[in-house]
Structure formats: structure tokens, C-alpha cells
Amino acid sequence: MPEIRVTPLGAGQDVGRSCILVSIAGKNVMLDCGMHMGFNDDVLIPVFALGRAQELCILLETFWERMNLKVPIYFSTGLTEKANHYYKLFIPWTNQKIRKTFVQRNMFEFKHIKAFDRAFADNPGPMVVFATPGMLHAGQSLQIFRKWAGNEKNMVIMPGYCVQGTVGHKILSGQRKLEMEGRQVLEVKMQVEYMSFSAHADAKGIMQLVGQAEPESVLLVHGEAKKMEFLKQKIEQELRVSCYMPANGETVTLPTSPSIPVGISLGLLKREMAQGLLPEAKKPRLLHGTLIMKDSNFRLVSSEQALKELGLAEHQLRFTCRVHLHDTRKEQEMALRVYSHLKSVLKDHCVQHLPDGSVTVESILIQAAAPSEDPGTKVLLVSWTYQDEELGSFLTSLLKKGLPQAPS
């Protein structure tokens, strides 16, 4: 039986890591046991409020639960706290793995992760803090970083990409002296680690996506210029796809082939002809209908025919806008003034004054109401269907200008 020797080791340069050296019959095997909180360290993890923060919280919550760790974990209040609240409410919308793994309790009801208070930053003993923003360019993450940067036992873990010029980018590039506000120099003694939890695809992922989608053109709009230029050349050379890299504010015109044959139903054509408008060969004509695609063929039909073919029920969608006017008269008198005003302005439209006191212009309904808190102010409720959206917007703007003075 060969002799087995197990020697626990420190980790040297990496605060918070542990290694074990196993010697069997003269052969050595080094086991890296990863992070543990055996040191009196503070760990800062700058994160963005949505997505990545919750992913990291779940990872640490699970590990803390399994290892029965007592080191406190905090996340900064504000947007992250609000985001966690909505993750709790809408856990059925998360992926299948989260729903299946954590059926006994809501995974976003964290036991070990609590809200952070600024006063906690000076607490003795180790802690882990998630703070926004993720690039250390402002906010609470930068404040905590400045407070902890001078202690070599502390650590900052950058979980994603940082834009050039941010503090996060500088420390990942190895910069140890940072010029802060007021030309103050901050010496960074704390450990700096990078752990990729990027929500963006890398160059390989983008190449795979472009290869699968087979687009005619690709626009690169986000990233570092040199890396975007490299990816642009790679897309053009390997995939034979036109690729553009427009600067902010620059317009790119893409050549397209917009000729798509569409069949028009006879019923829709007859309805258009019945309106007495004869088509002109050289003048474009606007047709209102519903576009249906079936077996890669397009047809333009009336909305009634589309509902019948698809077996759907029609739902009426109306938009309502409130117009506040200063008027001491009763609602009925004000509605009559609105009717007279619109009748004189909209001579080409059907304007009606209904028995219940409301006014209609085509499908647009206008009603007068008096809010109880201010009897000297009247509210006009203007509602319309999407077909009359242009007219509805015009009426709203017209009524906001006020009504003409009634003759004394």
C-alpha cells in the first residue's frame, strides 16, 4: 500500500483561496479548493442591477447554504433591490431550471443576502457586497471601492466587461494608482480578480449567430473600436456578409430588395372602388387591410375577412386623453360649447351632439366631467379608435388651446 500524504497549503498571492497537496507514491497532485472566507477580508463585486446581479446572488446563496457559511452578503439598495422584488413576484417567468430546482421556496427569497447600508462598510470582519454600477464609474460601488482599495486583504471581483476610461477597466488593466476627483491619487492595494459573467455574446457567439441567420448586412454598434474592426473583417472575409461600423449619429443606407408580391382580395378592391376613388397608374394608393401570410404567400384582405378566416373575435381598442379647461359653467353647457366650436371648425366631418350630452366626431367620443376637488375646472375626456388616431390627436391639440369666448 503506497504512502498517502495530505498537506493543506495557503494560496500565496491569492487571498481567500486554499490548496491541498496530495502525495501518492512520490507523485504530487495539487487540489485547488477555490474561494473560502477563512480570512478577515471584504469582497466587493460591482454588478449591473438586472440579470447578472441576480445570477450571482443565486450562486452565492446556494454555496453559502451548502457550506453553512456565516459571512454576511449584502446587495446595494436602489434599483437592484427593486429588481429583486420583481424577480420574486414573477418567478414563473424565469427559466425552467430555476423553476424546477427551487420548487420548495422562491429562490429570490434570499436567506443569506441582505440589503446593504453605507454604515456596514466599516464593520469589522469579512463580508461580500454586491454594488452598482458594474464598471466602478460612479455610485455606491465606487464609494465602497475607494474605502476598501487601500487594504491588501480586501478583494474586488469584476464580473464583466468594463468600458475604456472607467475605474473598472483601469484596474483590470493592472493600473494601481488612480487619479480620482480633485486630482486625488488612490493607491489600489486590494486584490483584483476578473470572473466573466458577461451577458453579451463574444466574437465566436456573434459569428455563429450571423452564420445561422444569414443576413444580407450586419451593423456593429457597441464595443471597442479595434475589436469591432477585427470582427467586421472576420464577418466580411469568412461569411461574405456586408458589415458596417457606424459612429454615433452616422447614418448607414442599406441596399434592399423590397419587391414582395402580395395578393389583394377581390372584396377589399371592391370596397375601395365603392368609395369612388379611381386608381392612378403613376400615383401611389394607400390601402387599409390586414396582411396574412400562409405557406410563404402574402395576401391583403379586409379585417372582417381576416377575422373570419382566422376564427378570431374583434376587440375594440380605444385611446383616451384628458383635457383640463377652466370653465365655471355646467357640464351640459360646456359640452354644447364644444359641439358648436367643433361644428364650425370641422366642416368636412360628421359632428353630433347626443342626448346624453356627449359629442361625437366620427368614432371620437368627447364627454365633459367636473372633478370634485375643483368645481371651476372641467375635464374633457376624448377617446378614439386607432383608425381615427390622427383626427383624435388633432382634436386633443385643438381643445387644449381652449374654447372661444361665448358672446355676452
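Of the 408 residues of the chain, 33% count as buried, where buried means under 20% relative accessible area, exposed over 50% and partly exposed in between, with a 1.4 Å probe and protein chains only. This is a predicted model, so to speak from the start: local features need pLDDT of at least 70, side-chain atom pairs count only at pLDDT 80 or more, and totals for chains, interfaces and linings use all residues. Residues are numbered from 1 along each chain as its sequence is written, and side-chain values use heavy atoms, with hydrogens and water left out.

The chain has eleven helices and 21 strands. Both are DSSP runs numbered from the N terminus: helices are H or I with at least four residues, strands E with at least two. Take contacts in the chain between residues at least 6 apart in sequence, with contact meaning heavy atoms within 4.5 Å; 59% of them join residues at least 24 apart.

Now the sheet. Five strands form an open, antiparallel sheet in the order β17-β21-β20-β19-β18, and two strands pair if DSSP finds at least two bridges between them. At the edges are β17 and β18 (351–353), each pairing on one side only. Neighbouring strands are turned by 20° against each other on average, direction ignored.

Look at β21, residues 377–385, where eight of the nine residues are buried. Nine bridges join β21 to the antiparallel strand β17 (residues 318–326), and C321 has V382 as its bridge partner. Strand β20 (residues 364–369) pairs with β21 over five bridges, also antiparallel. Across that pairing, I366 stands opposite V382 and A368 stands opposite L380.

Next, the helices. Angles run from 0 to 180 degrees between N-to-C directions, and axes are lines fitted to C-alpha atoms, for helices over the stretch in contact. Helix α11 lies across β17, β19, β20 and β21, at about 170° to β21.

How do α10 and α11 pack, and at what angle? Helix α10 (residues 331–345) and helix α11 (residues 389–400) make an angle of about 120°, with their axes 12 Å apart. The two are therefore oblique to each other; angles under 35 degrees count as roughly parallel, over 145 as roughly antiparallel, 65 to 115 as roughly perpendicular and the rest as oblique. V338, H341, L342 and V345 of α10 make the contact with L395, L398 and L399 of α11.

Last, cysteines. With a disulfide taken as a pair of cysteine sulfur atoms within 2.5 Å, the count is zero. C162 is buried at 3% relative accessible area, and C243 is buried at 4%.
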